[in-house]
Amino acid sequence: MERLWPVFFDDEQIGRRFAAASQRETSRGPLRLFAGGNLEARKGVGLALRAIAKLRELGTEVRYTFGGWGPDLANMRRLARHLGLTDCVTFHEGFSGEEYDAVLRESDIYFLPSLRESVGITLLEAVMAGCYPVVAGTS
């Protein structure tokens with residue numbers, strides 16, 4: 001019997017990603033939030049949008065980018081409009097490879113309060129890029 005992991009980071013990938021994170025500069029400007037993946041209800045993006053609306057009520061300048069598509073894209077766009085967030089929330093078709101790593105390095109927080117996760121692969125990638133995750137304490 002052999003255990004097959006859903007993700008594999010070799011030493012070179014880990015070294016490259018952590019080295020890039022150590023060269024990050026402190027953000028001066030809006031709080032930069034990012035998440036990516038399949039946009040579906042269990043990922044908690046609706047919860048994230050409501051939290052962003054609360055942050056704005058408190059006077060925090062925020063930019064949130066969600067990179068990915070899925071069955072709840074239209075619903076989340078509607079919710080962002082309803083909450084008055086269209087000026088600070090962007091839904092992008094998705095990032096991959098070096099482009100994805102660059103977006104992580106440019107972001108302050110990986111904000112995906114997912115309600116059910118088995119292995120938080122994207123959270124590991126975020127930490128390696130110096131983009132710290134904020135998640136729901138559910139799974």
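The largest nonpolar core in this predicted model has 31 residues, and those with the most contacts inside it are L49, Y64, F91 and Y110. By a nonpolar core I mean a set of buried Ala, Val, Leu, Ile, Met, Phe, Trp, Tyr and Cys residues joined through side-chain atoms within 4.5 Å, where buried stands for under 20% relative accessible area, exposed for over 50%, and partly exposed for what is in between, with a 1.4 Å probe and protein chains only. At least two residues of this core come from each of β1, α2, β2, α3, β3, α4 and β4, and α2 gives the most, with five residues. These labels are DSSP runs numbered from the N terminus, helices being H or I with at least four residues and strands being E with at least two.

Before going on, a word on the model: local features need pLDDT of at least 70 and side-chain atom pairs count only at pLDDT 80 or more, while totals for chains, interfaces and linings use all residues. Residues are numbered from 1 along each chain as its sequence is written, and side-chain values use heavy atoms, with hydrogens and water left out.

Let us turn to helix α2. Which residues of α2 are buried? They are V45, G46, A48, L49, I52 and A53, and they lie on the same side of α2 because they cover an arc of only 160° around the axis, taken from the directions from the helix axis to the C-beta atoms. The face turned away from that buried side carries K54 and E57, which are exposed. The buried residues of α2 pack against β1, β2, α3, β3 and β4, and L49, leaving aside neighbours within four places in sequence, is in contact (heavy atoms within 4.5 Å) with partners including Y64, M76, L79 and F91.

Finally, the aromatic rings: the structure holds four aromatic pairs, a pair being rings of Phe, Tyr and Trp (its six-membered ring) whose centres lie within 6.5 Å, with planes under 30 degrees apart counted as stacked, over 60 as edge-to-face and the rest as tilted. One of them joins F34 and F95 edge-to-face, at 5.9 Å centre to centre and 65° between the planes. Because F34 lies in strand β1 and F95 in the loop between β3 and α4, this pair ties together parts that are 61 residues apart in sequence. Both F34 and F95 are buried. F34 also pairs edge-to-face with Y110, at 5.9 Å and 70°, which links strand β1 to strand β4 across 76 residues. Ring pairs link F34, F95, Y100 and Y110 into a cluster.
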